[in-house]
Amino acid sequence: MSKPTTIRAVVPHVLMADLAEPFAYSQAWYRRRGAMLVEVTTAEGITGWGEAFGPPELTAPVVAWLAPLVVGQDAMAREAIWQALYNRLRDHGQRGLVVEAISAIDIALWDIAGQATGLPVHRLLGGPLRTEVEAYATGFYRRERDDHADYLAEEAAQRLSEGYRWLKLKTGWGLAEDIALTRGFRAAIGPGVGLMIDCNHAYDAGTAIAYGCAVADLDIAWFEEPVPPEDLDGYLEVKARQPIPVAGGEAAFARWGFRDMIVRRCADILQPDVAACGGISELKKIADMASAFGVRVNPHVWGTGVAMAASLHLLAVLPDNPPGLFPRPPLLEFDRSPHPVRDEATTMPAVSAEGRVRVPEGPGLGVAVDRAALRRFAA
Ligand code: CA
């Protein structure tokens, strides 16, 4: 029998835009950048939005394949739907595109549940523990120029003037260059600014250890993805043999993908991405597992306002780890690299002069999607 929250349609949107200026991380150049948003509608006319991390033209067909399993189900039965989708493709898709597609559907179902009940997602999750979070600025990518130190310093000055107090530098350009770049960047931003480094698994354990040791005096909050995500023994080596806390997990998937990282204590800080690891439902489970093992969680975010809103609702309920009168709450990753689809198709939260972001308070995710922009960027 049809309920008001019976799912009528599941529609993936592949969105793509050319970048005015290409940028690179240690694995590839970006000349175009896109997003894959999923629109789920119910019999009563509620629209929920979800998002998948990963190549939009590859995740969208997975969503389209899964859609018949979701249409006709009750959107409130998020857990049942998640398990049905994962189990249906378990033999073929335990990580990567399949779990990213499930993530997008799950996020949309949480958006619907919030709108159906008139509550923000963080209240459905039992929160809030906190109503605002401190943001760190991701950016500082490589451009097709030679004056890397100069444009990175300019970009840093811009972010600091906007209120950010934490900056994450992209590295992975070769050991000697990384050491010089990191030392120059710290000198440019001064000693009082939080700094992280992220080499996007450009190194093997030995090189990562050499890099970490060479910049350990620069007060670096974490060293992100030092080695490839499959190399858990490499993570353990890097963690043991250089002094900077190790972060990783944006390329790990679902509770089973994080189980081994957590049990073996491969990282000091885990970074599940809500649009990749299995959605809001799965990230909460991963964070609770991490809490039981004393591992910090700072979600990875690199998408549109949909992924940003989903992450903020989770950040509102992630446990302080460890708890105390003066805990160290999780930080919001605020990607400031160019993303025309994000900027024009979705609403993004504001950063205060103190570098803080408020958790959305409207029903559901509390994010608005511009349909005219969807048509403009449709690929
Ligand atoms: Ca990263």
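There are 14 aromatic pairs in this structure, where a pair means Phe, Tyr or Trp rings (for Trp the six-membered one) with centres within 6.5 Å, called stacked if the planes are under 30 degrees apart, edge-to-face if over 60 and tilted for the rest. Take W82 and Y86: the ring centres are 5.1 Å apart and the planes stand at 10°, so this pair is stacked.

Before I go on, the model is predicted, so local features need pLDDT of at least 70 and side-chain atom pairs pLDDT 80 or more, while totals for chains, interfaces and linings use all residues. Residues are numbered from 1 along each chain as its sequence is written, and side-chain values use heavy atoms, without hydrogens and water.

Back to the pair. W82 and Y86 are 4 residues apart in helix α2, residues 78–89, a helix being a DSSP run of H or I with at least four residues, numbered from the N terminus. W82 has 3% relative accessibility and is buried, meaning under 20% with a 1.4 Å probe, protein chains only. Y86, at 4%, is buried too.

Next, W302. Ring pairs join W302 with F23, Y25, Y30 and Y141 in a cluster. The charged end of R33 sits over the W302 ring, 3.5 Å from its centre; that requires NZ of Lys or CZ of Arg within 6 Å of the ring centre and within 35 degrees of the ring normal. R142 lies over the face of W173, 4.4 Å from the ring centre.

Note on methods
Helices (H or I, at least four residues) and strands (E, at least two) are DSSP runs, numbered from the N terminus. Buried means under 20% relative accessible area, exposed over 50%, partly exposed in between (1.4 Å probe, protein chains only).
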